[in-house]
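I opened a notebook on this structure. Below are my entries, in the order I made them.

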Amino acid sequence: MKVTLKIWRQPDAASKGAMHTYELDGVSEDMSFLEMLDVLNEELNGKGEDPVAFDSDCREGICGMCGLMINGQAHGPEVTTTCQLHMRSFKDGDEIVIEPWRADAFPVIKDLVVDRGAFDRIIQAGGYISVNTGSAPEAHSVPVPRDDALRAFNVATCIGCGACVAACPNGSASLFMGAKITHLGELPQGQPERDTRVVDMVAQHDHEGFGGCTNIGECTAACPKEIPLDVISRLNWDLHQAMRHGH
Amino acid sequence: MTDMPDTTLTSDPSHDEPGDHGDDAAGYYTPGEPIKDTKAPTGPIDERWQTRKFEARLVNPSNRRKLDVIIVGTGLAGGAAAATLGEAGYNVKSFCYQDSPRRAHSIAAQGGINAAKNYKEDGDSVHRLFYDTVKGGDYRSRESNVYRLAEVSTNIIDQCVAQGVPFAREYGGLLDNRSFGGVQVSRTFYARGQTGQQLLIGAYQAMERQVAAGTVEQFTRHEMLEVIVVDGKARGIIARDLVTGEIETHLADVVVLASGGYGNVFFLSTNAMGSNVTAAWRAHRKGAYMANPCYTQIHPTCIPVTGTHQSKLTLMSESLRNDGRIWVPKSKADCDKDPRDIPEEARDYYLERIYPSFGNLVPRDIASRAAKNVCDEGRGVGPEVDGVRRGVYLDFSAAIARLGKDGIEEKYDNLFDMYARITGENPYETPMRIYPAVHYVMGGLWVDYDLQSSIEGLFVTGEANFSDHGANRLGASALMQGLADGYFVLPHTIRDYLADGPFEKVAEDHPAVVEAKKAVEDRVAHFLNTSGTRSVDSYHRELGNIMWEYCGMERSEDGLKKAIDLIRTLKDDFWRNVKVLGTAEGLNQSLERAGRVADFFELGELMCIDALNRRESCGGHFRAESQTEDGEALRHDDQFAYVAAWEFAGDPDSGGMGTPVLHKEELVYTAIEMKQRSYK
Amino acid sequence: MAASGIIFIGFVLLHMYGNLKAFSGHDAYNEYAEHLRTIGEPMLPREGLLWIIRSVLIVSLVVHVYCAAALWKRANKARTTKYVMKKNIASSFSSRLMRWGGLTLLLFIIWHLVNFTIGKVNVQGGSTNDPYNLLVDTFDTWWMTLIYLAAMFALAMHLHHGVWSSAQTLGLTNNARARRNAKSLGWIVAIVIAGGFSLVPIFVLAGVITK
Ligand SMILES: Cc1cc2nc3c(=O)[nH]c(=O)nc-3n(C[C@H](O)[C@H](O)[C@H](O)COP(=O)(O)OP(=O)(O)OC[C@H]3O[C@@H](n4cnc5c(N)ncnc54)[C@H](O)[C@@H]3O)c2cc1C
Ligand code: HEM
Ligand code: HEM
Ligand code: SF4
Ligand code: F3S
Ligand code: FES
């Protein structure tokens with residue numbers, strides 16, 4: 001099939017970008033979305049035009065490296081990552097608008113590649129359990145109810161892709177942050193640092209320039225791992241508790 | 001899949017007589033001195049690690065701040081090491097090419113992680129895990145290392161649980177286990193199908209905590225392109241900042257490579273797009289031996305290739321083979337029919353036919369090879385790519401009839417969904433199609449018992465080293481090795497080396513530094529200035545085809561020799577005719593790939609030479625010349641019970657590979673007896 | 001934000017209840033208005049409770065508007081380059097209307113106070129010291145009723161999202177069930193309050209409630 005691609009091109013962070021239009025023929029519906037872009041890049045390279053820069057690594061939906069705004073939706077029309085989206089979700093003759101994640105906390109590096117270092121810094125602020133290597137007690141010394149473990153796991157599947165931020169009208173990273181707070185907060189091991197964790201992570205989140213959450217809910221719909229809005233409620237709850245405890 | 005009955009077959013007379021295996025690789029390599037000392041302590045096997053830990057010298061806490069440690073890689077091996085060394089107070093610099101340490105390829109591991117906890121009271125023990133791993137590796141691994149791996153495996157689970165890794169649990173709140181890869185004990189800990197992700201996030205968080213504490217400095221989107229060796233010691237790396245394009249020099253007292261596996265030499269593999277050999281290969285070129293490079297693991301249950309646009313292959317958990325039946329049509333004429341219209345008697349359940357006792361559950365290498373054979377005969381199914389159908393059916397209709405659709409859904413739902421998303425077919429209705437794909441490499445940089453390479457001060461951990469899996473890796477053991485190396489082994493052995501430090505500072509204008517940096521700059525300039533016509537990816541794809549065809553599931557003398565010629569020709573063309581657009585300043589993804597592919601060429605050649613030299617079939621390495629009468633792998637312990645450690649002997653004029661030097665490390669088993677595998 | 005919002009909800013509920021007294025006729029309504037001013041006497045001075053309520057409301061308003069403005073500003077700074085194409089797929093219209101809807105409410109409240117409390121403007125030029133008559137005169141004017149009905153629509157929207165949102169902000173919706181309930185409650189509160197308020201103007205205009 002044949003598609004028309006409108007792609008954001010921006011040579012580097014300092015330059016101004018613009019949308020460019022490309023026609024691509026011979027697209028097979030078995031191609032993944034990124035393989036379709038690979039084919040475009042081969043063509044561009046052949047013509048001596050700079051290929052389109054975009055991020056990807058695992059290409060199986062787990063590393064969180066990929067992420068494009070496709071026709072106004074983060075990761076495109078299916079609930080999955082960009083790398084797991086296939087061209088059979090599109091029709092012959094479709095026009096496809098491709099943009100990078102837009103958030104000032106995720107500055108564009110080039111074309112469709114953005115810098116998500118802010119996520120690392122939010123984790124650095126407290127997204128962990130402090131236990132030095134070798135100082136851990138025997139694993140079975142602390143039983144964890146199966147349901148708690150399952151809930152923790154379900155939200156720990158966040159891949160840090162940033163689609164939640166990209167989709168949120170406020171540019172908030174609350175879903176990402178809430179996922180981590182809920183993951184660690186569900187487990188007995190996470191309790192000692194529960195108050196400081198939420199306070200410090202939220203402070204870092206705000207400092208990075210993400211917007212505040214007004215519970216709009218676009219984030220969860222864009223999330224390829226279907227992280228539920230519970231986690232934002234949990235985040236708020238923990239934050240109030242921490243404040244009550246004098247943080 | 002190792003705990004299969006043993007038959008002591010070593011004396012089975014078949015095609016090749018013992019001691020008569022020729023020297024296939026003669027002319028392609030130079031024989032070198034054998035490796036005598038691996039630094040493994042002697043004495044009873046269960047005391048060796050304790051002995052080594054005790055003997056390794058300590059570093060005064062106040063000195064640690066002054067010791068700079070570079071760690072390349074943030075997967076399980078690198079991330080765990082960065083966290084642990086940071087906690088100990090060393091000054092750590094951590095590098096990865098992705099935009100966050102959390103994205104290292106360990107994240108993709110699905111099945112689980114082994115540990116000898118014996119929580120099920122089913123007879124597991126450190127010794128049994130050790131035994132299974134050595135046997136699974138087809139007696140081509142170093143026993144001291146493997147024993148240590150089994151020994152520290154239990155600490156890994158404690159550590160991960162304390163970090164908040166949400167392993168699956170039973171209703172009583174205790175950890176659940178499953179049996180994996182056919183072993184008879186349940187020792188695999190898992191977090192649904194995302195174990196690697198959860199373990200990596202644990203290590204990542206521990207590392208980020210040290211970043212906040214100021215002991216670890218993280219360099220993301222940085223690619224290591226050269227190691228700096230001063231007076232025979234590794235003292236730093238040259239890295240390219242992938243965002244600014246700047247070529248940076250980073251100096252240190254010790255360098256650790258935890259840069260993962262090189263399966264991407266095959267172009268199509270289950271590895272991440274960026275997985276590369278560059279870090280390891282650059283070290284190899286500076287003197288680090290490369291061990292057993294031809295040992296590759298091919299996983300039988302991957303989603304087949306659909307066309308020439310394909311960029312990577314997706315693994316489907318091995319567990320599917322528990323309920324799915326594998327078949328192809330008996331007749332070529334049926335290959336393009338709808339599988340549901342092919343009657344039972346026209347189907348060939350070839351694994352059940354050839355291996356009646358293990359059927360669909362034979363080990364990975366056997367299942368993979370059998371699939372290749374039927375497709376080579378022209379009985380493959382699915383779309384034709386380059387004129388061949390490469391796929392076999394994995395049929396659940398019997399299982400659905402037996403367990404009901406709900407039963408199957410409960411067991412495999414996410415895998416069926418994934419399959420449907422990728423192929424657009426509904427596996428509840430038509431049989432799945434699968435084909436083998438490159439998945440893991442057992443080969444890697446040679447290291448001694450301390451995980452130190454043949455370059456002093458250069459340590460190698462995780463999939464990047466060769467050490468623990470011999471010729472074949474058991475399921476759920478790579479994660480175990482990565483974390484064992486990172487959390488529990490390296491931090492002890494590296495201190496013995498660092499006890500002599502801090503070493504004299506190296507100046508940025510030291511000739512060795514200048515030389516390394518210039519080499520990188522020249523290479524970058526070469527790629528950008530070659531006004532060629534072919535894209536990097538097209539070369540990579542062609543190299544991958546050669547490797548897959550001749551150095552894949554089955555290797556033969558003729559094929560390997562042909563492959564070496566083809567690789568050399570293609571490599572020459574690559575250096576003269578590659579087309580890389582853009583500039584050196586700033587993000588340039590074609591440039592990144594060009595460097596990786598350049599190193600894959602040399603690696604590919606060495607892999608073929610190694611495979612050519614090893615005229616025996618062992619683990620993942622099947623030589624057509626070395627099989628029993630009924631086509632099974634035949635090992636030659638009398639001649640090949642060694643680690644092949646290759647030394648780079650580049651030709652300074654052409655810049656080519658020259659004839660690499662082969663150093664043999666004899667494998668001696670004191671705690672275990674060598675046996676031949678059989679699955680009939 | 002949630003606290004001030006909930007105070008508002010409490011207030012509008014009471015206020016709506018008061019308004020409905022208009023159905024009981026001139027005297028009952030005026031009595032109620034007078035009663036509001038004398039509750040608590042003699043412990044509190046005249047209009048004591050009213051002033052307590054008023055101050056709580058004023059503080060809430062300041063907090064609410066301040067927070068709203070801060071969030072708005074942060075959201076604008078968080079994404080200075082807009083998407084060329086952006087689809088909303090999961091959010092309600094009301095959730096995206098909060099800011100402009102809130103602003104509408106602010107304008108409405110100002111006008112409303114000028115109308116009934118501070119300025120006491122009778123658009124028909126009649127007397128302003130009889131609350132009941134002022135009410136009837138106001139809503140006998142079709143465009144006044146229209147303005148009020150428009151404001152009630154804005155209020156309904158604001159409450160629809162606001163109720164759910166404050167539950168989430170307070171951390172009370174930790175599972176899918178609680179979230180569904182909070183969303184339903186949003187609909188109920190929105191319909192009850194906006195509907196309840198709308199009755200009086202509509203019935204005045206329709207001539208059911210007369211002087
Ligand atoms: C699909 C899949 C499923 C698997 N499932 C299992 C399983 O169930 N159980 C199991 O035990 N094993 C499994 N494995 C194998 C296992 O995941 C890997 O062997 C293991 O995770 C490797 O870890 P590592 O730390 O050595 O390297 P990796 O996790 O690959 O990390 C490599 C690191 O090195 C960095 N790096 C590489 N090159 C450079 C460079 N030049 N410059 C800078 N940085 C560089 C990368 O950025 C990355 O951080 C699986 C593998 C795959 C592909
Ligand atoms: C005075 C003018 C007003 C403005 C400018 C305004 C604006 C806003 C804004 C921007 C929000 C944030 C959106 C969100 O959190 O989802 C909000 C929330 C809210 N508003 Fe208003 N509003 C006003 C009046 C009111 C009134 C009169 C009520 C009730 C009767 C009200 C009830 C709420 C509630 C309950 C919330 C949700 C609070 C939360 O999520 O924590 N607001 N308002
Ligand atoms: C149709 C709808 C409404 C009608 C008919 C109405 C009517 C009135 C009347 C008659 C008064 C004067 C009462 C008195 O002074 O005793 C009043 C006061 C007031 N109303 Fe309303 N109102 C309506 C809607 C609203 C809404 C939606 C809000 C807020 C969002 C609101 C906020 C107020 C406030 C703050 C006062 C002042 C109370 C005081 O301090 O005295 N009203 N309203
Ligand atoms: S919460 Fe979902 S959308 Fe956000 S980063 Fe995690 S996986 Fe991506
Ligand atoms: S879309 Fe944005 S406003 Fe909150 S609920 Fe999600 S972060
Ligand atoms: S490339 Fe890893 S999630 Fe898409």
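I began with a term: helices (H or I, at least four residues) and strands (E, at least two) are DSSP runs, numbered from the N terminus. I noted that this is a predicted model, where local features need pLDDT of at least 70, side-chain atom pairs count only at pLDDT 80 or more, and totals for chains, interfaces and linings use all residues. Residues are numbered from 1 along each chain as its sequence is written, chains are lettered from A and ligands numbered from 1 in the order in which they are written, and side-chain values use heavy atoms, with hydrogens and water left out.

**Entry: chain C overall**

I looked up the secondary structure of chain C and found 7 helices and 0 strands. Along the sequence, the pattern reads α-α-α-α-α-α-α. The C-alpha atoms of chain C fill a box of roughly 55 × 40 × 35 Å along the principal axes. I then checked burial. Of the 211 residues in chain C, 39% count as buried (buried is under 20% relative accessible area, exposed over 50%, partly exposed in between; 1.4 Å probe, protein chains only).

**Entry: ligand 2**

Which chains surround ligand 2? Residues from chains A and C do, so the site is shared between chains. Near means that a heavy atom of the residue lies within 4 Å. I found 23 residues around ligand 2, and Ala2(C), Phe8(C), His64(C), His158(C) and Ser165(C) come nearest.

Helix 6 of chain C gives the largest share of this shell, 8 residues. Helix 1 (2–20), helix 3 (48–78), helix 4 (93–116) and helix 6 (142–169) of chain C each supply at least two.

I sorted the shell by type: 12 nonpolar, 10 polar and 1 charged. Here Ala, Val, Leu, Ile, Met, Phe, Trp, Tyr, Cys and Pro count as nonpolar, Asp, Glu, Lys and Arg as charged, and the others, Gly among them, as polar.

Next I looked at atom distances to ligand 2. A polar side-chain atom of Ser165(C) lies 2.4 Å from an oxygen atom of ligand 2. For His161(C), such a distance is 3.2 Å. For Thr169(C), it is 3.2 Å.

**Entry: Leu185(C)**

I finished on helix 7 of chain C, where Leu185(C) is found. Is Leu185(C) buried or partly exposed? Leu185(C) is partly exposed, with a relative accessible area of 44%.

How values were computed
A polar contact is a pair of N or O atoms within 3.5 Å; within protein, one must be able to donate a hydrogen and the other to accept it, and residues adjacent in sequence count only if both atoms are side-chain atoms.
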